[in-house]
Amino acid sequence: MISKKCCIIAMVTLMSILTLTGCSTMLKNPMKYILSQDETRQDNSDNETTSESADDNKDDSNSEPDIRVYGTEDNTDYSIDGMLAIAKDINSDMNNKDVKGVVLVLNKKYSEDVRYFLSLTVKDDKPLVIIPYDYNNGSPDYKVTQAKEYINKDFDKTDSANNQLPEGFFVNVNDYMIFDIADTKRLDNIDIVYDYVGIDADALYKNMYLNDAIVIVSSTADGELSEELSEAVSGKNAGIVVVSCSEDVYMKGDFADCGDNIFYTDMSPTKARIMLVLLLDNKSDSGTFKNAFTRRRV
């Protein structure tokens with residue numbers, strides 16, 4: 001009996017010791033496990049927040065449209081091929097979905113011709129703001145800032161009623177036709193010849209033979225060409241001839257029977273050359289040439 005009783009007492013004592021040991025462990029830090037779960041949950045929450053913030057920042061940076069600026073320094077090439085390069089760069093920007101628009105600063109002396117070239121080669125789907133500028137006045141940065149403000153309002157469609165183009169600025173507007181210059185590497189070099197009595201006929205014949213086209217500036221009151229020039233442009237080897245004359249002469253003159261290769265216009269000589277090189281590059285037919293240069297008289 002004593003032996004059995006002792007065994008029972010020993011077992012009870014052992015269980016008590018084990019129970020007390022477990023409680024002691026919990027009493028040392030009874031919230032440790034729960035706090036660890038909270039810390040993990042907080043860490044996960046922080047990570048999720050950080051991840052969301054990073055994603056938000058990434059989306060904002062990638063989707064923020066920008067405005068491209070050209071011509072802040074007076075080093076632009078204003079030749080025909082220079083204009084082609086400008087138009088290609090701007091077209092590349094306009095095809096970029098992240099670009100709001102383009103600001104182009106131009107030397108005042110050449111700005112009108114460049115504007116005309118761009119109106120024929122750059123679509124006006126997005127704003128292209130052109131700033132004729134005298135670089136002798138220093139940096140055009142303040143004008144660029146004004147142009148950017150205009151583009152931002154135009155793009156966001158905010159304050160449209162009050163979004164006035166700054167004085168002296170221009171926005172590209174397409175002419176009646178647009179030329180695709182995506183595959184154009186260079187444009188023909190077209191000479192401008194000023195007509196006068198006694199003009200060097202030999203040099204003129206050579207010019208007509210070497211070039212596919214020529215622009216002639218008439219100096220007479222009725223737009224008629226000198227005898228030497230008339231003979232040269234009517235020869236069998238003559239290419240396309242565009243005669244630039246004053247608006248008054250152009251509107252009053254009778255130029256209907258000048259032949260299939262001679263077209264009169266009141267465009268300035270430089271603008272006539274721009275239209276001519278683009279028509280040649282486009283391999284236009286005689287009807288298109290006639291419409292391009294004489295459509296105001298129709």
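Student: How many bridges join β6 to β7, and in which sense do the strands run?

Tutor: This is a predicted model: local features need pLDDT of at least 70, side-chain atom pairs count only at pLDDT 80 or more, and totals for chains, interfaces and linings use all residues. Residues are numbered from 1 along each chain as its sequence is written, and side-chain values use heavy atoms, without hydrogens or water. Strands are DSSP runs of E, at least two residues, and helices runs of H or I, at least four, numbered from the N terminus. Strands β6 (residues 213-217) and β7 (residues 240-244) run parallel, and the bridges between them number five.

Student: Which residue of β7 is the bridge partner of V215?

Tutor: Two strands pair if DSSP finds at least two bridges between them. I214 stands opposite V241 in β7. For V215, the partner in β7 is V242.

Student: What is the strand order of the open sheet?

Tutor: On its other pairing, β7 meets β8 in the parallel sense over four bridges. There S244 stands opposite T265. The open sheet has four strands with parallel pairing, in the order β5-β6-β7-β8.

Student: How many residues of β7 are buried?

Tutor: Buried means under 20% relative accessible area (1.4 Å probe, protein chains only). I240, V242 and S244 are buried on one side, V241 and V243 on the other. β7 is largely enclosed by the rest of the structure, because its buried residues number five of the five.

Key: Buried means under 20% relative accessible area, exposed over 50%, partly exposed in between (1.4 Å probe, protein chains only).
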